[in-house]
Amino acid sequence: MDINALIQTLQSALPQIAESCCIVNGALMNLTEVQNMGYDEFSMRAKINMPLKLYKYFPNRLTELVDKKTGKPIVDETTGDKKTVNYSIQALRDNTVFMQSPSLFDDVYDSDIGLNYSEYERARLLEYCIRCEIDVKETMETPELANALMQTIADMINSTGNIDSLFKSAPSTKNEYLSNQCFLLELKNQLYKGKDLGESLRNAIVSDFNRYLQYLQDSFRATCFATTPYSQLMWGGSYADCHRGFCVEYTVLPNDPQYQKLFLNLFPMIYCKVRPNMTERLVKFQDKEPTMELLWDIYFHGALRKSIDWAFQNEWRLLLPMERNRAEKDYCVSFFPITKVFLGNRMSHAARKEVIDICHARNIPYIGVTRNPDVFEMQECAIKCEECPHHTNNIPK
């Protein structure tokens, strides 16, 4: 059964059946079984059936360079023209892939960790009460915890005029100390704005929530690969700029020590209908030092989970832990060898020549992609691009 048939089967299944299944690397699997796998098992089973060719579609267009501080285009001082760069050509020439921030992906759910705010609010209030050494019980509800914490805050303001010594227990980690300071700073800021204590506390917890979500997403970067160079949806969309871009084939070398880090950090996406609620699992890590367990939870339940609607991509994803605020060039990572380049059906003659020249210089085979005359499929062209009148005259095939 091909990937499109699997998608149709899962989408048309009864809700209770659809919610118990997922598609991983083109195979229908039981979602519970997949979720119960740890890193070692999931990685091992994925690598057994991992394709030895991966493909990346590039739009091959110019991007204006922008000053990060001002947000304004960078201008050439000599010509006065806006500076541009073609990241696609750069990746082809350097054999690199760019590790993107997940927040910039086109799917609004992509790598979005499933934290339930109501559950988070209660857990966070309980944690802050404990740090203030307030006598609370695990079974107490959110309003009870909020009232207990507000009473303690009010008593401290009345007796000392500030809340600097609100937390009684010593922080167990540097992250916990910083978290306490951020909470106090936000609480003071809200009170300074004239908010009442209840609203100030709520806003401080919301700030905690948003900051933690951002931290989870900033814990890693990703880049994505397909398993075919003939996907109409990939060629026709923004990935290859409506056939005006190109597609690069990489050959995976699992036994080459030079590429071991890449190989071990490549995973297939998990396509399903439901999002996991990770609140309870992740809140306990919030103020602790990052661990492999936390990173795998972020990967497995966030970065590798997508809606069944995207299963046509049959995507593999390279995930790497990367700190923020690196220079842009430091997010470009050398990848497996490029072994072929597929040229888009609507590439201009000039764009096609530029890519072909790079392929000649680097001794990389290339081929044009054309439409199958009998079925709605893309296929390799039988004529060399340099000898094809459609392309020398810039006529789409």
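Arg 45 is partly exposed, with a relative accessible area of 38%. In this predicted model, the side chain of Arg 45 meets that of Glu 41 in a salt bridge, with 3.4 Å from N to O. Glu 41 is likewise classed as partly exposed, its relative accessibility being 35%. Both residues belong to helix α4, which covers residues 39-48, and because Glu 41 and Arg 45 are 4 residues apart in this helix, about one helical turn separates them. Side chains of opposite charge can pair when their charged atoms come close.

Arg 61, at 39%, counts as partly exposed.

Asp 208 is buried, with a relative accessibility of 1%, whereas Arg 211 is partly exposed at 33%. Asp 208 and Arg 211 also take part in a network of salt bridges, in which they are linked with Arg 124, Glu 127, Arg 131, Glu 176 and Asp 287.

The N-terminal end of α6 is capped by Asn 116, a side-chain oxygen of which lies 3.0 Å from the backbone nitrogen of Ser 118. After the helix comes Glu 133, which has a positive phi, near 60°. Among the buried residues of α6 are Arg 124 and Arg 131, together with Tyr 120, Glu 121, Leu 125, Leu 126, Tyr 128 and Cys 129. The buried residues of this helix pack against α7 (142-160), α8 (174-192), α9 and α12 (279-283).

The loop between α7 and α8 contains Pro 171. Pro 171 counts as partly exposed, at 36% relative accessibility. Apart from neighbours within four places in sequence, Pro 171 is in contact with Glu 176, Tyr 177 and Asn 180. Glu 176 is also a member of the salt-bridge network, as is Asp 287. Although Pro 171 and Asp 287 are 116 residues apart along the chain, their C-alpha atoms are separated by 9.4 Å.

Attention now turns to the strands. An open sheet of 4 strands is arranged in the order β2-β1-β10-β11, and its pairing is mixed. At its edges are β2 (27-30) and β11 (305-307), each of which pairs on one side only. From one strand to the next, the twist averages 40°. Strand β1, made up of residues 21-24, runs antiparallel to β2, and 4 bridges join the two. Within this pairing, Cys 21 stands opposite Asn 30 in β2.

Another strand, β14 (residues 338-343), holds Phe 342. At 2% relative accessibility, Phe 342 counts as buried. Which residues does Phe 342 touch, not counting residues up to four places away in sequence? Its contacts are Tyr 55, Pro 229, Tyr 230, Trp 235, Phe 246, Cys 247, Glu 249, Ile 367, Val 369 and Glu 380. The C-alpha atom of Phe 342 is separated by 44 Å from that of Phe 209, a residue 133 places away along the chain.

Definitions and conventions
Residues are numbered from 1 along each chain as its sequence is written. This is a predicted model: local features need pLDDT of at least 70, side-chain atom pairs count only at pLDDT 80 or more; totals for chains, interfaces and linings use all residues. Side-chain values use heavy atoms; hydrogens and water are left out. Two strands pair if DSSP finds at least two bridges between them. Axes are lines fitted to C-alpha atoms, for helices over the stretch in contact, and angles run from 0 to 180 degrees between N-to-C directions. A salt bridge is a side-chain nitrogen of Lys or Arg within 4 Å of a carboxyl oxygen of Asp or Glu. Buried means under 20% relative accessible area, exposed over 50%, partly exposed in between (1.4 Å probe, protein chains only). Contact means heavy atoms within 4.5 Å. A polar contact is a pair of N or O atoms within 3.5 Å; within protein, one must be able to donate a hydrogen and the other to accept it, and residues adjacent in sequence count only if both atoms are side-chain atoms.
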